[in-house]
Amino acid sequence: AEERELEVVLRGRTVRLRSAAGVFSAGGLDLGTRVLLDRVGDPPATGVLADVGCGWGPVAVAMAQASPGATVWAVDVNERAVDLTARNAAALGLDNVRAAEATRALPQMQDQGVLLDEIWSNPPVRIGKSALHDLLRSWLARLAPTGQAHLVVQRNLGADSLHRWLESALGVEVTRTASAKGYRVLTARPAR
């Protein structure tokens, strides 16, 4: 696929990243991801972080820049996206990013007992409710007892119903931590 270079501002830092057709928001930073990056505080300085649905890598790059002492897993089902994210992180000297295909990364984490201190995600709501619920159920189960997940979801694409489902079906504590430009940032934590 033909690649293009994008200049984007991620949490106050201007970076050049590569994108390509066939990945989410190939033409630039989408509004939901912008809301997530602008409205969530810094991730933990150390530990294990994850960008679930990494696309070409803007969230993983922002997390890795903010937390150079942490390991950032950048996962996606799209192999082109995983490759772009890995190359973008390498081009920026971010050796703390581990880009991997999601269906391979999750079993590896389970086998190694890896728990996540924080997840950031603009989840793929358009894959359908059942598939989205399966994806979130799998990844939120990897949260450490003190971990949290920040999910950005468009209000018109079910943010409020997702909020209710996370609480009722998964038993996690959910807070709407931000609302902007038609998006909600939901922060989910394991029930204490």
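## Contacts along the chain

Residues 24 or more positions apart account for 65% of them. This is a predicted model. The protein chain has six helices and nine strands.

One pair of residues can be set beside that figure. Pro-68 and Arg-104 are 36 residues apart along the chain. Their C-alpha atoms are separated by 24 Å.

## Overall size and surface

How does the radius of gyration of the protein chain agree with that of a compact globule? With 192 residues, such a globule would have a value near 16 Å, and the protein chain has 15 Å, so the two agree. Along the principal axes, the C-alpha atoms fill a box of roughly 45 × 40 × 30 Å.

Buried residues make up 51% of the 192 residues. The protein chain exposes about 8,700 Å². Carbon and sulfur atoms supply 46% of that area. As for charge, the chain has 22 positive and 20 negative side chains. The centres of these two sets lie 6 Å apart.

## Helices H1 and H2

Helix H1 covers residues 31–39. Its buried residues are Gly-32, Thr-33, Val-35, Leu-36 and Leu-37. What do they pack against? The buried residues of H1 meet helix H2 and five strands: S1 (3–10), S6 (116–121), S7 (143–154), S8 (173–180) and S9 (183–189).

Helix H2 spans residues 58–66 and is mostly covered. Eight of its nine residues are buried. They are Pro-58, Val-59, Ala-60, Val-61, Ala-62, Met-63, Ala-64 and Gln-65. An α-helix has 3.6 residues a turn, so residues three or four places apart point the same way.

## Thr-85 in helix H3

Is Thr-85 buried or exposed? Thr-85 lies in helix H3, residues 79–91. Its relative accessible area is 0%, and buried means under 20%, so Thr-85 is buried.

Which residues does Thr-85 touch? Leaving out residues up to four places away in sequence, the list is Cys-54, Gly-55, Trp-56, Gly-57, Ala-60, Ala-74, Val-97 and Ala-99. Ala-60 is also one of the buried residues of H2. With Gly-55 there is a polar contact: its backbone oxygen lies 2.8 Å from a polar atom of the Thr-85 side chain.

## Residues in the loops

Where is Ser-25 found? Ser-25 is in the loop between strand S2 (13–20) and H1. Its phi is near 50°, a positive value in a residue other than glycine. Ser-25 has a relative accessible area of 22%. Buried means under 20% and exposed means over 50%, so Ser-25 counts as partly exposed.

Lys-181 has its place in the loop between S8 and S9. Phi of Lys-181 is near 55°, again positive in a residue other than glycine. Lys-181 has 60% relative accessibility, so it counts as exposed.

Pro-68 is in the loop between H2 and strand S4 (69–76). With a relative accessible area of 62%, Pro-68 is exposed.

Note on methods
Residues are numbered from 1 along each chain as its sequence is written. This is a predicted model: local features need pLDDT of at least 70, side-chain atom pairs count only at pLDDT 80 or more; totals for chains, interfaces and linings use all residues. Side-chain values use heavy atoms; hydrogens and water are left out. Helices (H or I, at least four residues) and strands (E, at least two) are DSSP runs, numbered from the N terminus. The radius of gyration is taken over C-alpha atoms; the globule rule is 2.2 Å times the number of residues to the power 0.38. Buried means under 20% relative accessible area, exposed over 50%, partly exposed in between (1.4 Å probe, protein chains only). Contact means heavy atoms within 4.5 Å. Accessible areas come from the Shrake-Rupley method with a 1.4 Å probe; for residues, only the protein chains shown count as cover. Lys and Arg count as positive and Asp and Glu as negative; His and the chain ends are not counted. The place of a charge is taken as NZ of Lys, CZ of Arg, CG of Asp or CD of Glu. A polar contact is a pair of N or O atoms within 3.5 Å; within protein, one must be able to donate a hydrogen and the other to accept it, and residues adjacent in sequence count only if both atoms are side-chain atoms.
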